[in-house]
Amino acid sequence: MSFMGYERPDGSVGVRNYILVMAVAQCLEPVAQKIAASVEGAVAITQHYTCLLAGNETILHTLVGVGQNPNVAAVLVVGMGCESMNAELVGKRIAESGKPVEWIVCQDLGGTRPTISRGKEILSRMVNYARGCSRKEFPDAKLIIGLKCGGSDTTMGLAANPAIGVAVDMIVDAGGSAFLIEPIEAVGAEQVLTRRAVNEEVARQIRQMVANEEKRFRVSGCEIEFMCQGNIDGGLTTIEEKSLGAIHKSGTRPIQGVLEFSQRRLQKVPGPGFYLQDGTHYDNMAFSIMAAAGAQIIVFSTGRGATLGHAIVPMIHVCSHPQTYQKMAEDMDINAGTIIEGKESITEVGKRIFAEIKEVASGKLTKAEEFGYNTFSVYWRDPRLDTLLGITSK
Amino acid sequence: MKRAIRMHPHDNVVTALASLSAGEKVQVVSAAQEPLQILEANKEIPFGHKIALTKINPGDHILKYGEIIGIADQMIQPGDHVHIHNVESTRLQIPKEVKEREG
């Protein structure tokens with residue numbers, strides 16, 4: 001069993017062949033977009049927090065990890081010149097992966113037009129390099145699949161999520177990797193997750209991750225929403241119910257570890273098996289963390305309906321609600337509503353999801369890719385809040 | 001007859017697999033789709049929402065998937081709609097603003 005991917009210099013395998021134009025700060029976003037528009041297969045991203053570094057390391061780790069993601073063939077980093085999180089710093093770290101990386105600085109080049117012009121020159125070389133990369137056959141053991149859900153309702157614990165769990169078990173059994181990023185959606189489900197931990201240390205890490213996230217959402221005197229209106233309209237009553245439905249995505253195999261997301265590091269998926277990722281449940285920000293951790297594809301389940309795409313990681317939408325599927329079929333890659341209707345079993349849909357993952361890995365475009373959904377955002381974990389709440393990263 | 005699913009034998013709530021009107025009878029099935037019993041909805045239940053299978057006293061756990069999903073904050077009768085108006089989380093409370101939005 002195999003798929004057709006792109007081998008990268010560090011031995012990782014990509015399923016897409018993007019040239020990434022990364023503006024390290026938002027001031028150069030339009031410049032990055034104009035440079036990227038000059039060649040086919042290039043995508044421009046930036047981050048909208050800050051270019052200041054101390055205290056904002058989670059942003060740096062995300063940008064570096066995204067640049068290193070195997071779906072990216074080559075990277076041009078664009079900077080203004082006065083950033084702390086500057087183009088050279090980001091570029092050099094991405095280059096540790098061995099792929100072609102260059103960086104340009106607007107203040108050195110003398111403004112907008114010379115920067116765009118130099119960027120286009122570099123991209124014309126990079127596009128030749130990317131064209132020279134071709135797909136070849138890799139075993140399923142090379143798959144690294146991220147998992148997330150959104151627009152959740154009560155159908156997801158019955159249909160889409162357990163079906164995704166079947167596909168995840170198939171990936172893990174083939175020697176591949178899968179991981180789930182939804183720390184808040186483990187609140188109330190940690191007893192189920194810790195039973196699957198490979199050892200007591202991993203069980204401790206799971207409890208710690210969940211307890212930390214719970215603290216961040218339970219600050220006395222501060223009302224903060226963690227479940228959307230659609231969740232409640234869809235019949236979900238508490239975070240525990242949402243969590244217990246959400247974790248069905250993770251299948252049944254042992255949990256090998258919790259991947260760290262902190263000022264110190266953003267840990268990549270280190271090997272085969274199933275992992276949990278610390279981070280956030282905010283959709284697109286979570287996708288970027290998973291991209292930085294090495295995800296080639298993200299499988300995304302929804303009940304209410306969703307249209308999400310990420311700049312460099314294809315998104316497979318699995319729809320759990322039969323009526324939502326009828327209404328939004330053009331945005332859904334897999335209909336798991338057949339389980340609710342009693343027309344298909346969880347296992348049958350799980351096998352279809354596994355087959356779809358491999359087709360998308362080999363180049364088939366997802367619905368979100370066909371529509372050009374390619375959002376990029378990063379998540380900043382505020383170290384001041386964690387310090388005040390007494391949260392430590394490990 | 002419309003169906004409602006009980007995910008685990010320990011559960012005291014079931015999930016409606018179709019929208020129900022008040023007084024409508026529903027076939028309760030197990031996770032493996034075996035018929036278990038007939039239940040009558042005491043009021044309108046939207047698709048995907050929960051119905052009490054048994055009497056649940058204030059302070060009792062609400063069980064779904066065989067796990068605790070919350071705690072009853074008032075008396076719940078078999079056939080009642082079980083949702084944010086009569087259940088509280090044991091972990092994180094939904095902000096008051098959201099509950100009021102729901103009406």
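**Group meeting: chains A and B**

Okay, let's start where the two chains touch: the contact takes 28 residues from chain B and 28 residues from chain A. Keep in mind that this is a predicted model. On the side of chain B that touches chain A, two elements of chain B give two or more residues, namely β7 (67-72) and α1 (96-102). Which of them gives the most to that side? That's α1(B), with five residues. If you sort the chain B side by class, you get 12 nonpolar residues, eight polar and eight charged.

Next up, a helix pair in chain A. Two packed helices are described by the angle between their axes and the distance between the axes. Here we have α2(A), residues 57-68, packing with α3(A), residues 87-95, at an angle of about 45° and with the axes 8 Å apart.

While we're in chain A, have a look at α11(A), residues 283-292. The buried ones are A:A286, A:F287, A:S288, A:I289, A:M290, A:A291 and A:A292. What covers them? The cover includes our friend α2 again, along with β8 (144-149), β11 (273-277) and β12 (297-302), all of chain A. And just after α11(A), there's a positive phi of about 110° at A:G294.

Last stop, some strands in chain B. β1(B), residues 3-6, and β2(B), residues 13-16, run antiparallel and are joined by two bridges. If you want to find the pairing on screen, look for B:A4, whose bridge partner in β2(B) is B:A16. Getting from β1(B) to β2(B) takes a hairpin of six residues.

Then β2(B) has another neighbour: β5(B), residues 50-52, also antiparallel to it, with three bridges between the two. There, B:V13 stands opposite B:A52 of β5(B).

Technical notes. Residues numbered from 1 in each chain as written. Chains lettered and ligands numbered in written order. Predicted model: local features only at pLDDT ≥ 70, side-chain atom pairs only at ≥ 80, totals over all residues. Contact = placed C-beta atoms within 7 Å. Helix = DSSP H or I, 4+ residues; strand = E, 2+ residues; numbered from the N terminus. Nonpolar A, V, L, I, M, F, W, Y, C, P; charged D, E, K, R; others polar. Axes fitted to C-alpha atoms, helices over the stretch in contact; angles between N-to-C directions. Pairing = 2+ DSSP bridges. Buried ≥ 20, exposed ≤ 12 C-beta atoms within 10 Å, placed from the backbone.
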